[in-house]
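The sequence and structure come first.

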Amino acid sequence: GADFALDVHGDERLPWVFAQAADKYPERPATIGAAIDAFEQTMTTVSTDYQTEHKYPHGPGGKPNLASFPNWAQGRFGCAALTLEMPFSDHRGKPDPRGFFPARARRLGMRSISGISAALAALKT
């Protein structure tokens, strides 16, 4: 089993740092939504790179697309699941002449621990 799953990627198209949650569907427990909200709220507090405005569009609703990791993990394990995306080049909202360089990615990873902790705490309430 799993309580929370985070798949970490580099996106070659979108110049933003964001997490894409699994699609919402009627059978999804409210605790999963609360955990995802807690992750996102915490990440916007602890990381100036993280933002919630620019993301992939969600599916049309109904049955989730299981080819997407968050949808598969949520369906398989009944857990809160997200894919964390980082840009390959630079972050449009917070540009840096070095781009999205390795130390910046490591900082984001370290700060993601706070987001994961908040999500797990939300699942226990």
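## Burial and basis

D90 is buried, with a relative accessible area of 18%. Here buried means under 20% relative accessible area, exposed over 50%, and partly exposed in between, with a 1.4 Å probe and protein chains only. R104 is also buried, at 3%.

The model is predicted: local features need pLDDT of at least 70 and side-chain atom pairs count only at pLDDT 80 or more, while totals for chains, interfaces and linings use all residues. Residues are numbered from 1 along each chain as its sequence is written, and side-chain values use heavy atoms, with hydrogens and water left out.

## Salt bridges

The structure holds 5 salt bridges, a salt bridge being a side-chain nitrogen of Lys or Arg within 4 Å of a carboxyl oxygen of Asp or Glu. One of them pairs R104 with D49, with 2.7 Å between the closest N and O atoms. R104 lies in helix 3 (residues 102–123) and D49 in the loop between helix 1 and helix 2, so this pair ties together parts that are 55 residues apart in sequence. Helices (H or I, at least four residues) and strands (E, at least two) are DSSP runs numbered from the N terminus. Both R104 and D49 are buried.

R104 also meets D90 in a salt bridge, at 3.3 Å from N to O. Because D90 sits in the loop between strand 3 and helix 3 and R104 in helix 3, the pair ties together parts that are 14 residues apart in sequence.

R98 counts as exposed at 58% relative accessibility, whereas D96 counts as buried at 18%.

Strand 3 is mostly covered, with 8 of its 8 residues buried. A80, L82, L84 and M86 are buried on one side, and A81, T83, E85 and P87 are buried on the other.

Strand 1 and strand 3 run parallel and are joined by 8 bridges; two strands pair if DSSP finds at least two bridges between them. D7 stands opposite T83 of strand 3. Strand 2 runs antiparallel to strand 3, with 4 bridges between them, and A21 stands opposite L82 of strand 3.

The largest pocket has a volume of about 240 Å³. Of its 17 lining residues, Q20, Y56, S68, P70 and N71 are the closest to its centre. On a 1 Å grid over the protein atoms alone, a pocket is an open set of points where a 1.4 Å probe fits, with protein on both sides within 12 Å along at least five of seven lines; lining residues have an atom within 4 Å of a point. Grid points are joined across faces, edges and corners, and a volume is the space filled by probe spheres set on the points. Strand 1 (4–11), strand 2 (18–21), helix 2 (69–77) and strand 3 (80–87) each supply at least two lining residues, and helix 2 has the largest share, 3 residues. The lining has 6 nonpolar, 8 polar and 3 charged residues, where Ala, Val, Leu, Ile, Met, Phe, Trp, Tyr, Cys and Pro count as nonpolar, Asp, Glu, Lys and Arg as charged, and the others, Gly among them, as polar.

The second largest pocket holds about 180 Å³ of space. Helix 1 (residues 30–46) gives the most to its lining, with 4 residues. The lining divides into 3 nonpolar, 2 polar and 5 charged residues; among them are K24, R28, D37 and H58.
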